[in-house]
Each structure stands twice: as C-alpha cells, then as structure tokens.
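Welcome, and take a moment to look over the sequence and the model. We will walk through them together, one part after another.

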Amino acid sequence: LCRTKMKGVSMVKSGKNRKSHLNRVFVALFVTLMFCTVAGINAATPRPWYAASFEKLGFSVFDPPMTMKDFLVVNLNGASKTRASAKGNIVLLNFWATWCPPCKAEMPSIEALSAKMKGKKFEIIAINVGDSSAEVKDFLKQYKYTFPIYLDTQNKLLATYASQGIPTTYVLDKQGRFIAGVVGGMDYSRPEVVNLLTKLAEE
C-alpha cells in the first residue's frame, strides 16, 4: 500500500490489520451509508448475490450500491473520458501511480484481466494520480500496457477516491454505481476474480 498526500507523495508500510484498515477507509469515504441505514433500510433485505464472493476476495461491499458524482479525465492523447460514459459495462476503476510498487506489481494482472474480458460488457478505467503526462508515457514505453489509462495530474480525484493510499480499486455496476472496493494490491488475473466479473458482465 502506498500512502498518498495532497501536496507531494510519500510511501509508507502499513502495519495495521488489513480488514480494519479497509473498514476505516470505506466508512470514511462512503459515510452516507450510515444515513441510508438511519433512513430505515430493512436489515433483513437479502444481500446482493455477489457480496460474499467479493468479500472472499478481500473487497469491501457497498450495500446498497453507492452513486458518486461524475468526473472527467483525459488519456495520454488528450482525449476526454467521463466515468458516466462507461454505463452499460461493469467497470474496474483503478487509481495508481508510477512510483508505487504495489501498483506496479498488480498491473500485469490488470493487463491479463483486460485480455480475458475482451468482448464482454466490461471496461477498465485506470487513473494515474499525480504523475505528469511525460512520466506516464515513459512508464508505458517500458511496460507497454494496453488497457485504458487516464491522467489526474493535479490530484483532483485523490481526496475523494484514494485518500487512504494507492492502489485503490472499485467495481462499478452497469448503472455506474459503486458496488465494491479495495485498498492495496490485488491479483486480478485469478480465475475467481475473472469468473465473478464475467458473471456481472453477463447479467
């Protein structure tokens, strides 16, 4: 896990229990869940079918799914992309940086996932936070990843989506709602990850 700051960046090793850390992250980020509960959501309502599968993989599940404000990013060619434009697809929304070892460690598995999900109702939106366009271009000259990468050079999204560190990754449903998230590295090429995302994409 790489800890991020709004002014500058630094890396720290997390020595705390991962599960409790995730709970703090997502309770802080999606505090509106508390208000939904107070508003009278029935605790007996069946959980989404995917909840246990995501939790087994190490994700936190947002139940009910969360709606967040749309945003716009650009790719390395300057073409713009809104998050809302991905509606109709299951989305893997990943926040990363070139200087972050766990981010770099999981990227080959994201590339593999991209290849395995080709042709399905699935999309990857990988957003680099804080690096310059030149730095990301140099990085990709070395690693040659082909999945879609976008830029947040001014860290405008960091405080909302990755304030507790990177990589931070979310899964969005076809309506653009956040259904699960994880802080820290993950192997996205694992069969159980691919199978779960495939089932969601086929719904």
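A salt bridge is a side-chain nitrogen of Lys or Arg within 4 Å of a carboxyl oxygen of Asp or Glu. Before we use that term, please note that this is a predicted model, in which local features need pLDDT of at least 70 and side-chain atom pairs count only at pLDDT 80 or more, while totals for chains, interfaces and linings use all residues. Residues are numbered from 1 along each chain as its sequence is written, and side-chain values use heavy atoms, with hydrogens and water left out.

Searching the whole structure turns up 4 salt bridges. One of them brings together the side chains of Asp173 and Arg177, at 2.8 Å from N to O. For burial, we call a residue buried under 20% relative accessible area, exposed over 50%, and partly exposed in between (1.4 Å probe, protein chains only). Asp173 counts as buried because its relative accessibility is 8%, whereas Arg177, at 31%, is partly exposed.

Another salt bridge pairs Glu123 with Lys81 at 2.4 Å, N to O. This pair ties together distant parts of the chain, 42 residues apart: Glu123 sits in strand β5 (residues 122-129) and Lys81 in strand β3 (residues 80-82). Both Glu123 and Lys81 are buried. Helices (H or I, at least four residues) and strands (E, at least two) are DSSP runs, numbered from the N terminus.

Now turn to strand β8 (residues 178-183), where 6 of the 6 residues are buried. Two strands pair if DSSP finds at least two bridges between them. Strand β7 (residues 168-172) runs antiparallel to β8 and is joined to it by 5 bridges; here Tyr170 has Gly181 as its bridge partner. The two strands form a hairpin with 5 residues between them, and Gly176 in the turn has a positive phi of about 85 degrees. Strand β1 (residues 60-66) is also antiparallel to β8, through 3 bridges, with Val61 opposite Ala180.

What about Leu93? Contact means heavy atoms within 4.5 Å. Beyond its neighbours within four places in sequence, Leu93 is in contact with residues including Tyr170, Leu172 and Phe178.

Finally, find Glu192 in helix α7 (residues 191-202). Its side chain forms a salt bridge with that of Arg190 (2.8 Å, N to O). Glu192 is partly exposed because its relative accessibility is 37%, and Arg190 is partly exposed at 27%. The C-alpha atoms of Glu192 and Lys56 are 9.7 Å apart, although 136 residues separate the two along the chain.
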